[in-house]
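Welcome to this tour! Open your viewer, get ready to select residues, and follow along stop by stop.

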Amino acid sequence: MKCPVKNLENKDTGEIELSDAIFGVEARQDILTRAVNWQLAKRRLGTHKVKLVGDISGTTAKPFRQKGTGRARQGTTRAVQFRGGATAHGPVVRSHAHALPKKVRKLALKCALSSKRATGKLIIIDKIDSTGKTKDLIGKLSKLGLTSALFIDGPDCNIAFTRAVKNIPQCDVLPCVGANVYDILRRDTLVLSRDAVQHLEERLK
């Protein structure tokens with residue numbers, strides 16, 4: 001399929017051929033959901049923890065003798081049934097990451113790219129560059145009608161553009177190697193450079 005190519009001044013500079021196998025697949029919601037959950041689970045710290053019996057400070061002696069009191073036998077006052085004791089079945093330090101097959105991850109990225117193209121939220125830019133001035137870049141983005149956008153450049157992002165876009169809310173920039181489902185879906189518009197399209201097609205073919 002053909003897609004028009006623009007520059008940051010919102011002027012047409014030609015066309016580019018997009019692969020149907022990458023930008024024309026069915027946007028499956030179940031695959032996208034699995035990929036987003038996988039990404040968010042990986043970045044959870046998992047440092048929540050309650051105190052177990054061994055973490056409670058206190059005496060190790062029995063609170064009273066085993067027999068003859070008429071009460072239930074107890075071995076320590078640090079147990080969960082006592083005030084100030086341990087917590088039963090609480091969270092412990094662990095990793096929340098889980099596995100997701102490579103084929104599913106690749107398909108999810110294809111679905112994310114295809115969904116942006118199908119909804120008209122995909123823009124191809126001839127070259128992503130900037131003077132490094134945020135004010136100048138805001139003026140160019142307003143010509144493109146962009147308020148929430150993810151820019152994906154080639155292997156190396158333009159340093160001046162990256163510095164300028166950091167000061168603009170709801171706008172991010174990533175190298176093509178960092179393209180992922182969550183960041184694509186969380187912004188309204190996806191902006192790809194010619195180099196990014198080429199590298200993404202090589203990566204996902």
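Is the crossing of H3 and H7 left-handed or right-handed? The crossing is left-handed, a word used when the near helix is turned anticlockwise from the far one by less than a right angle.

Before going on, note that this is a predicted model, where local features need pLDDT of at least 70, side-chain atom pairs count only at pLDDT 80 or more, and totals for chains, interfaces and linings use all residues. Residues are numbered from 1 along each chain as its sequence is written, and side-chain values use heavy atoms, with hydrogens and water left out.

Stop 1: Select H3 (102-118) and H7 (194-204); helices here are DSSP runs of H or I with at least four residues, and strands are runs of E with at least two, numbered from the N terminus. The axes of H3 and H7 come within 11 Å and cross at roughly 145 degrees. Axes are lines fitted to C-alpha atoms, over the stretch in contact for helices, and angles run from 0 to 180 degrees between N-to-C directions. Now show Lys106, Leu109, Lys110 and Leu113 of H3 with Leu200, Arg203 and Leu204 of H7, which make the contact (heavy atoms within 4.5 Å).

**Stop 2: an aromatic pair.** Select phenylalanine 151 and phenylalanine 161, an edge-to-face pair with 5.0 Å centre to centre and 75 degrees between the planes. Rings of Phe, Tyr and Trp (its six-membered ring) pair if their centres lie within 6.5 Å; planes under 30 degrees apart count as stacked, over 60 as edge-to-face and the rest as tilted. A search of the whole structure finds one such pair. Phenylalanine 151 sits in strand E4 (residues 149-153) and phenylalanine 161 in helix H5 (residues 159-165), 10 residues apart.
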